Amino acid sequence: MKPSDLIKRIESGEADSCMKDVYVTDTAVASQKPRYIKTIEKFIEMFGDDRDVLVLSAPGRTEICGNHTDHNNGKVLAASINLDAIAVAAKNDSCIIHEKSEGHSMNTVDLSDLNPNEADFGKSSAMIKGVAAGLNCWGYQIGGFDACTTSDVMGGSGLSSSAAFEVLLGTVISHLFNDGNIDAVTVAKAAQYSENVFFGKPSGLLDQMASSVGTFVTIDFESTENPVIKKVDFDFAKSGYSLCIVDTHGNHSDLTDDYAAVRGEMESVAEAMGKRVLREIPAEEFFRAIPDLVGKVNDRAILRASHFYNENVRVEKAIDALEGNDFEAFKQIINQSGLSSFLYNQNVYTTNNPTEQKLSLALCISQHILDGKGAWRVHGGGFAGTIQAFVPADCLEEYKSTMDAVFGEGSCYVLIIRPVGGTRVM
């Protein structure tokens, strides 16, 4: 369908059912329409109105349970959210990709050269080339295309804006050149390959997999080469809860050492027990070894290792609760996860600046409002940034207004778990 005809279809309501499959509610669909139309209009301005286009989407993701477990080959429960990156794209019968993101200059990528270049590390054009190179290496068709994209996944929020962009590119290539037949896991692996090899950022597979697969997804990283990935059947829209992400606007500077210490200290325990990562050691063996570990590693390392083992168990329990449609049990597990992150993993504030504790404050307020009703925990890497809360409908207005009053207007994002990952919308 031509871009201008697509705009008419959106304006008339003919596209509502397609959009509702992605955004779930009529209210969400209505709020998305101006954004879609604006992006299509930008495509017409940049590339014309004479070709058929596809409209595609890839979501941000949230970590539900499994805080700081993936780097030691643990278990994680994540989910896609209704914030996403979207693309309006069409083939251009060349070997050149032209990609224009809202607010950024045009990216131009020549597919005749699919080699990584360190000079391009950190550039979005490198991400584009990397996704195409990965899919090409695995035997899929690639080609030139023109695309206009936009994203409402907040950068620096722990919602994985970069993964959403990478998965979006893989989804574009799947539908433009491979009839939509590239499976979600392959798209995620191509996205990770791009980020690692072409963008120059080491990362696991969690972010890309949650974005690509969609809805609730659990990943077991016991084998990092072949992680076990499973969708979790649960209709969050019927739960009566909203997922809130609160940006506390804490200072992200100089936290590299804090993040590195979590992984490093867990691995120091593994090394003291003759292994590389904690997952290689059975939990019972670790807990029996604690008397011998004292003095060989620091005390916090032992606490963080205990968090790792118990968090893996909580992931399994959370999955069972969701699959059993027991949201009350699920909330209790999430609160236990959050308490463990605070007490034992200790990634809620940095000891380098102990008087600044915005995440602690957000968790304190959450407990005051939601105790006995909802769930709350640190989100993602921690030390600064965001918390996550599951808020019942009758508390939502109070929760959002309070968080916005404390941390600034617009700090509380009210989200839903969306039912699909990277997808063609229309």
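This is a predicted model: local features need pLDDT of at least 70, side-chain atom pairs count only at pLDDT 80 or more; totals for chains, interfaces and linings use all residues.
View 1. Two polar contacts involve its side chain: one of 2.8 Å to the side chain of R51, and one of 2.8 Å to the side chain of H98. Residues up to four places away in sequence aside, D146 touches F43, F47, R51, V88, A89, A90, N92 and H98.

**View 2. Helix α4 and what covers it.** Helix α4 spans residues 124–137 and has 14 residues. From its first C-alpha to its last, α4 reaches 20 Å, close to the 20 Å expected at 1.5 Å a residue. The helix is mostly covered, with eleven of its 14 residues buried. These buried residues are S125, A126, M127, I128, K129, G130, V131, A132, A133, G134 and L135. Among the elements that cover them are the strands β3 (96–101) and β4 (106–110), together with the helices α5 (161–177) and α6 (184–198). Just after α4 comes G139, which takes a positive phi of about 95 degrees.

**View 3. The largest nonpolar core, and a second one.** The largest nonpolar core has 60 residues, of which I64, L77, F216, F236, F330 and F390 touch the most other members. Helix α5 gives the most to this core, with nine residues. A second core of 22 residues is separate, and includes Y36, F47, V88 and C148.

**View 4. Contacts of F390.** F390 is one of the residues that touch the most other members of the largest nonpolar core. Neighbours within four places in sequence are left aside here; beyond them, F390 is in contact with I64, F236, Y241, S242, L243, F327, F330, I334, L370, G374 and A375.

**View 5. The open sheet of four strands.** The strands of this open sheet follow the order β9-β10-β8-β11, with antiparallel pairing. At the edges lie β9 (375–378) and β11 (412–415), each of which pairs on one side only. On average, neighbouring strands of the sheet are turned by 20 degrees against each other, direction ignored. Helix α11 (residues 327–345) packs on the sheet and touches β8, β9 and β10. The direction of α11 makes about 30 degrees with that of β9.

**View 6. The pairing of β8 with β10.** Strand β8 covers residues 241–247 and strand β10 covers residues 386–392. The two strands pair in the antiparallel sense over seven bridges.

**View 7. S223 in a loop.** S223 lies in the loop between strands β6 (216–220) and β7 (228–232). With a relative accessibility of 32%, S223 counts as partly exposed. The side chain of S223 reaches the backbone nitrogen of N226 at 3.1 Å. S223 and N73 are 150 residues apart in sequence, while their C-alpha atoms are 7.1 Å apart in space.

Notes: Residues are numbered from 1 along each chain as its sequence is written. Side-chain values use heavy atoms; hydrogens and water are left out. The expected span of a helix is 1.5 Å times one less than its number of residues. Buried means under 20% relative accessible area, exposed over 50%, partly exposed in between (1.4 Å probe, protein chains only). Contact means heavy atoms within 4.5 Å. A nonpolar core is a set of buried Ala, Val, Leu, Ile, Met, Phe, Trp, Tyr and Cys residues joined through side-chain atoms within 4.5 Å. Two strands pair if DSSP finds at least two bridges between them. Axes are lines fitted to C-alpha atoms, for helices over the stretch in contact, and angles run from 0 to 180 degrees between N-to-C directions. A polar contact is a pair of N or O atoms within 3.5 Å; within protein, one must be able to donate a hydrogen and the other to accept it, and residues adjacent in sequence count only if both atoms are side-chain atoms.
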